[in-house]
Amino acid sequence: MSSKSLTLVVFIALLVWSSNFEACIARRGKHWRQNRDASASLSKKKGSHSGSKNHHSGAHPSPLPPKPKEEIVQTPPKKDPSARDAAIFNVLDFGAKGNGETDDTKAFEDAWAAACKVEGSTVMVPAEYVFFVGPISFSGPYCQPDIVFQLDGTIIAPTDHQTWGKGLLQWIQFTKLVGITIRGNGIIDGRGSVWWQDSSFDEPIDDEMKLIIPVNNTRDETKPTPIGSNLEGKMPSIKPTALRFYGSFNATVTGITIQNSPQCHLKFDNCVGVLVHDISVSSPGDSLNTDGIHLQNSKDVLIHSTSLSCGDDCVSIQTGCSNVYIHNVNCGPGHGISIGSLGKDHTKACVSNITVRDVTMHDTMNGVRIKTWQGGFGSVQNVLFSNIQMSEVQLPIVIDQFYCDKAKCSNQTSAVALSGINYERIRGTYTVKPVHFACSDNLPCTDVTLTTIELKPLQERYHLYDPFCWQTFGELRTPTSPPIGCLQIGKPSSNRVQYEENDSC
């Protein structure tokens, strides 16, 4: 054999040997390949020895022994790129028509039932559709957490009396959920005009109306002409809230518009962890009892960057609420931001740690108000109203412990105790009375402080009045405009404060 032939044979042998060696390396797995440079020489020795042993035993060629199980590195499976899409449940896919006439309630129920089973899923209400939906409840507690209700279209309520029967307390309800979010650019339209005008004229009216006397001493007693529902029937006296959350944790509402609710627009009841921001509430200023946001038995609440126009309180804070922070809110028309009314029918009311700041109010009946019924008990503590800009507000600062929404209410001795109420940097214009403090004879208001109060009268069509105080004790930390000389400085004598054993909260 020539030297050239010998060289060729050796070269071919080396190629074969190299190919087998690389195959062995491939079988050893990704983890080993990443470290092969550091242990190349050791690997070659093991490869040669093992290959010889298997060859002589007659087994299939397997130059490297299998690695122990504990050393095998499992590569995680690749995620299916369509998995996220699979968690989106579009109501159109469940039979919704979105034409504003066909009843889409069943499609919404079915879409929710499917989403309820998937953590982090989304119910999609697409834009450019109008969905006719009757009374509906999106319920837990067995739903997976963190469901998103993506509202980009419009949902409208029925206006025929037969749908509502004898009356319901809510139209759209979310109950017993964890991490529920409603977001989007869509609209919830309660179409409440058939309720406002087709309801009893004996409904409760805001007690502060008695303080607002027109200059000509006459009131407009004209009753609106009732308009019938779609089926010419009378709507029930019980009017529904448009959107209600009950018994839920970490509930968020953002981006949407709620308009023309028959009664309250947005309500949270027995919730912990509430976030509302960048929403809009809209209904006429003369629509009866259409609160913007209503809070009850809820804590750890944050409301900000929101516009509220309605026919009652822009925000109503009821019993059982604590740690509520409201800021950067526009209110008007409406009845202002209120704590209460509390203690109705001899009930106990507990409210604490409430902050309302950086708020603008225009053309509202009240500004910031606390209202309680005689005969109740409990307490309101640690309240701050700060940096409130008033414009044409009838009664900017109100405490009323004689609240009554009937023609007459009997005098009673017990009351909800009020203490630690702070007002600072409240400025703007008023049309009736700048300050109205009416506190209980048996349980005066205590620790009421006023700082930088600058309110100017704006003569329009109401009688103007000076500040009024009754059984109100506290401190003027700066001069006020107008002067509030009726506030009693200090604390009431101990024998005048009649606390009950069950007043503590």
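A disulfide here is a pair of cysteine sulfur atoms within 2.5 Å. In general, a disulfide is a covalent bond between the sulfur atoms of two cysteines.

**Entry 1: ground rules.** I am working on a predicted model, where local features need pLDDT of at least 70, side-chain atom pairs count only at pLDDT 80 or more, and totals for chains, interfaces and linings use all residues. Residues are numbered from 1 along each chain as its sequence is written, and side-chain values use heavy atoms, with hydrogens and water left out.

**Entry 2: the pairing.** I asked how many disulfides the structure holds. I found six. I then numbered the bonded cysteines of the protein chain in sequence order and read the pairing as 1-2, 3-4, 5-12, 6-7, 8-9, 10-11. Cys271 is in no disulfide; the nearest cysteine sulfur to Cys271 belongs to Cys321, 9.9 Å away. Cys321 is likewise in no disulfide, and the nearest cysteine sulfur to Cys321 is that of Cys271. I looked up burial for both, taking buried as under 20% relative accessible area, exposed as over 50% and partly exposed as in between (1.4 Å probe, protein chains only). Cys271 has 1% relative accessibility, so Cys271 counts as buried. Cys321 is also at 1% and counts as buried.

**Entry 3: Cys314 and Cys331.** I checked the sulfur atoms of Cys314 and Cys331: they are 2.0 Å apart and form a disulfide. The torsion about this S-S bond is about 80°, so the disulfide of Cys314 and Cys331 is right-handed. For location I used DSSP runs numbered from the N terminus: helices are H or I of at least four residues, strands are E of at least two. Cys314 sits in the loop between β18 (299-309) and β19 (315-317), and Cys331 in strand β20 (residues 322-331), so the bond ties together parts 17 residues apart in sequence. Cys314 and Cys331 are both buried.

**Entry 4: Cys350 and Cys505.** I next took the disulfide that joins Cys350 to Cys505, with S to S at 2.0 Å. Is it left-handed or right-handed? The torsion about the S-S bond is about -85°, so the disulfide of Cys350 and Cys505 is left-handed. Cys350 lies in strand β22 (residues 348-362) and Cys505 in the segment after β31 (488-489), so the pair ties together parts 155 residues apart in sequence. Cys350 is partly exposed at a relative accessible area of 23%. Cys505 is exposed at 55%.

**Entry 5: Cys469 and Cys486.** I read 2.0 Å between the sulfur atoms of Cys469 and Cys486, which form a disulfide. The link has 40° about the S-S bond and is right-handed. Cys469 is in strand β29 (residues 468-470) and Cys486 in the loop between β30 (472-476) and β31, 17 residues apart. Cys469 has 12% relative accessibility, so Cys469 counts as buried. Cys486 is partly exposed, with a relative accessible area of 26%.

**Entry 6: Ile339.** I turned to Ile339, placed in strand β21 (residues 337-342). Its relative accessibility is 1%, so Ile339 counts as buried. Which residues does Ile339 contact, leaving aside its neighbours within four places in sequence? With contact meaning heavy atoms within 4.5 Å, I listed Ile317, Val351, Ile354, Arg369, Ile370, Lys371, Val380, Val383 and Phe385. I also checked Thr319, 20 residues from Ile339 along the chain: their C-alpha atoms are separated by 8.5 Å.
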